[in-house]
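Subject: Structure handover

Hello,

Here is the structure I promised to pass on. My notes follow below it.

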Amino acid sequence: MTPKTYINPLALPHYQRGKAACFKDVVDEGWIYPEKYDFREMADPTVIKFKDRWYLFPSAGLLWVSDDMVNWEFHAIEPFDPGYAPTVIQKDEYLYLTACDAGMWRAKDPMGPWEDLGPIKDAKGDPFLWRDPMLYVDDDGEMYGYFGSNKDGIYVVQMRRDDLTRFVDDPINCFAFNPNHQWERFGESNQDPDQSWPEGAWMTKHQGRYYLQYSAPGTEWKNYAVGVYVGDSPMGPFEYQNLNP
């Protein structure tokens, strides 16, 4: 039997129109996003493996499911719509989900029902809006949030065990834009040393070390690429990998 292989980009069936609630009446970083009700959006997806099936969560409240990473089936999770750049992680018997400038939900199955746990909060208990978050659970069960979407770079924060919507302490800056990393500079030829857009944080643990991926200098440039910082703890300190990008 010929092995099945997948391609990038994936050929997803029933490509739905997104809702993108977080784009409604939003002014962000000088950009104005008009209301959009009839468009397609697959940005910033998260894929998890849960009970031998793959679940793909892109932006705008969409979900695809696969048994083999080749054939995908669309499933509606209406009316649940976490918004933009969702991240999903399993901790104990629950799945936890958050997204850009959104709160936290949990469920025992990717199809739901999803329970609203409330907004993300800082250590003082005040609401906190994080951009492009990524949830990570370490081997000891502690949960961390990585986030950031501008030249300030990527931040990490530990979540409280008794309230996974709330920070243990203030976020720590893992790294910021470094103009000495020429590939991070803004522009089609990386010519602008004063601007960048590090984003898309993703943590992977491998052989006891922590690899924090990110992308830069911005999705509008053809030289958009991925870099890595490496540390011995989920909260760093992190060192730049010389082979970047």
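Which residue is the bridge partner of Lys91 in β8? The partner is Tyr94.

Some ground rules before the rest. This is a predicted model, in which local features need pLDDT of at least 70 and side-chain atom pairs count only at pLDDT 80 or more, while totals for chains, interfaces and linings use all residues. Residues are numbered from 1 along each chain as its sequence is written, and side-chain values use heavy atoms, with hydrogens and water left out.

Strands around β8

Helices (H or I, at least four residues) and strands (E, at least two) are DSSP runs, numbered from the N terminus. Two strands pair if DSSP finds at least two bridges between them. Strand β7 covers residues 87-91 and runs antiparallel to β8, with five bridges joining the two. They form a hairpin with two residues between them. In that turn, Asp92 has a positive phi of about 55°.

On to the next partner. Strand β9 (residues 104-107) also pairs with β8 in the antiparallel sense, over four bridges. Here Leu97 stands opposite Trp105 of β9. This hairpin has five residues between the strands, and Asp101 takes a positive phi near 55°.

Burial

Buried means under 20% relative accessible area, exposed over 50%, and partly exposed in between (1.4 Å probe, protein chains only). Strand β8 (residues 94-98) has five of its five residues buried, so the rest of the structure largely encloses it. Both of its faces are covered. Tyr94, Tyr96 and Thr98 are buried on one side, Leu95 and Leu97 on the other.

Cysteines

Cys100 is buried at 6% relative accessibility. Cys174 is buried too, at 11%. A search of the whole structure finds zero disulfides (pairs of cysteine sulfur atoms within 2.5 Å).

Second largest pocket

A pocket is an open set of points on a 1 Å grid over the protein atoms alone, where a 1.4 Å probe fits, with protein on both sides within 12 Å along at least five of seven lines; lining residues have an atom within 4 Å of a point. The second largest pocket holds about 400 Å³ of space, the volume being that filled by probe spheres set on the points. Its lining has 15 residues, with Asp44, Pro45, Thr46, Gly200 and Trp202 nearest the centre. β3 (46-50) and β15 (199-206) are the elements that give two or more residues to this lining. The largest share, three residues, comes from β15.

Best wishes
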